[in-house]
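I opened the model to look up a few residues, the ligand site and the domains. My notes follow in the order I took them.

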Amino acid sequence: MKDILFLDTVDSTNRVARDLGTAGKPHGYAVLAASQSAGRGRLGKAWQSPPGKGLYATILLRPGLDVKEYSKITLTAGLALSQVLDEICQLKVALKWPNDIYISGRKCGGVLVETSSLQGEADEHFALVGIGVNVNADKDSFSSDLQKSATSLFLETGKEYEILTLFEAIRSRLLQLVFQLTHEGFADILNQWRERDMLQGKWMQWVTPTGEIVYGESLGVDNSGILSVRDRSGRIYEVLSGDVSLAPQFRGR
Ligand code: BTN
């Protein structure tokens, strides 16, 4: 298998891929681990990574994009992942901003995009697309706090999947969409992302980075991929970071 570093266990594939990116590994290079001892999610959360139950990988990108375009990689990666899971598992995968993977209202995977310093020489810039998918996990594989909110491909389809096969399909689709982003722009990717947006038009809650909670209707993402929410008084907020979810009374419907 070309350009993949296979690891048995590692703290975080994003950490290893960052070191390898700094050392000059090429566009598309990937780190795939059987388990992680300190898997990282968005917003400083941990990503549970038990052996054999999930896909834990990071793909290094040198997309040749302008620095201001790098944020578009986040939605592009979520779209690539959702398309492949739809096709291979015959599922209907939804996306929750910025790039959580949801199936039947439960979280099945997520993407953590990090970058190198984006100062200095453009040809030294890179992005790290960290991908976590619950693949062959059964209910007991999840900690009790996740059992209600998480799901896996196995729980949704009753089938077990070969993690390397899934990974190769995801990497190939991601590289295809990143090529499209660089050469043809973001419009088509964004339209396809919008078709999967599970919050669009719904009543949602946003926990801001300072811990304030805003309730409102999701207005979807704008042409740069920024989410907006309108509260009851009509005030519109731009969601640049923080945690978003369906408002509690709408979950599970
Ligand atoms: C999220 O939904 O919060 C993002 C989860 C991303 C988890 C993956 S697992 C492989 C890669 N390495 C990490 O430490 N995190 C990402």
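**R171.** I started with R171 and found it buried, because its relative accessibility is 8%. For the cut-offs, buried means under 20% relative accessible area, exposed means over 50%, and partly exposed lies in between (1.4 Å probe, protein chains only). The model is predicted, so I kept in mind that local features need pLDDT of at least 70 and side-chain atom pairs count only at pLDDT 80 or more, while totals for chains, interfaces and linings use all residues. Residues are numbered from 1 along each chain as its sequence is written, and side-chain values use heavy atoms, with hydrogens and water left out.

I placed R171 in helix α4, residues 163–184. Helices (H or I, at least four residues) and strands (E, at least two) are DSSP runs, numbered from the N terminus. The R171 side chain has a polar contact of 3.2 Å with the side chain of E168. A polar contact is a pair of N or O atoms within 3.5 Å; within protein, one must be able to donate a hydrogen and the other to accept it, and residues adjacent in sequence count only if both atoms are side-chain atoms. I then listed the contacts of R171, leaving aside neighbours within four places in sequence: K2, D3, I4, G28, Y29, A30 and I59. Contact here means heavy atoms within 4.5 Å.

**T182.** I stayed in helix α4 for T182. Is T182 buried, exposed or partly exposed? It counts as partly exposed, because its relative accessibility is 29%. Not counting residues up to four places away in sequence, T182 touches P63, G64 and L65. From T182 to G64 I noted 118 residues in sequence and 7.2 Å in space, C-alpha to C-alpha.

**Two loop residues.** I found S141 in the loop between β7 and α3 (153–157). Its side chain joins that of D138 in a polar contact of 2.7 Å. Beyond its neighbours within four places in sequence, S141 is in contact with Q48 and K53.

I looked up D123 in the loop between β6 and β7. D123 counts as exposed, because its relative accessibility is 63%. D123 and W47 are 76 residues apart in sequence and 31 Å apart in space, C-alpha to C-alpha.

**Ligand site.** Which residues come nearest to the ligand? Of the 20 around it, they are S12, Q36, R40, R42 and K107. A residue is near if one of its heavy atoms lies within 4 Å. A side-chain N or O atom of S12 is 2.7 Å from a ligand oxygen. Q36 has a polar side-chain atom 3.0 Å from a ligand nitrogen. R42 uses a backbone N or O atom, 2.7 Å from a ligand oxygen. The ligand alone exposes 420 Å², and the protein buries 98% of that. Accessible areas come from the Shrake-Rupley method with a 1.4 Å probe; for residues, only the protein chains shown count as cover.

The largest share, four residues, comes from β6.

**Domains.** I noted 11 residues of domain 1 in contact with 13 residues of domain 2.
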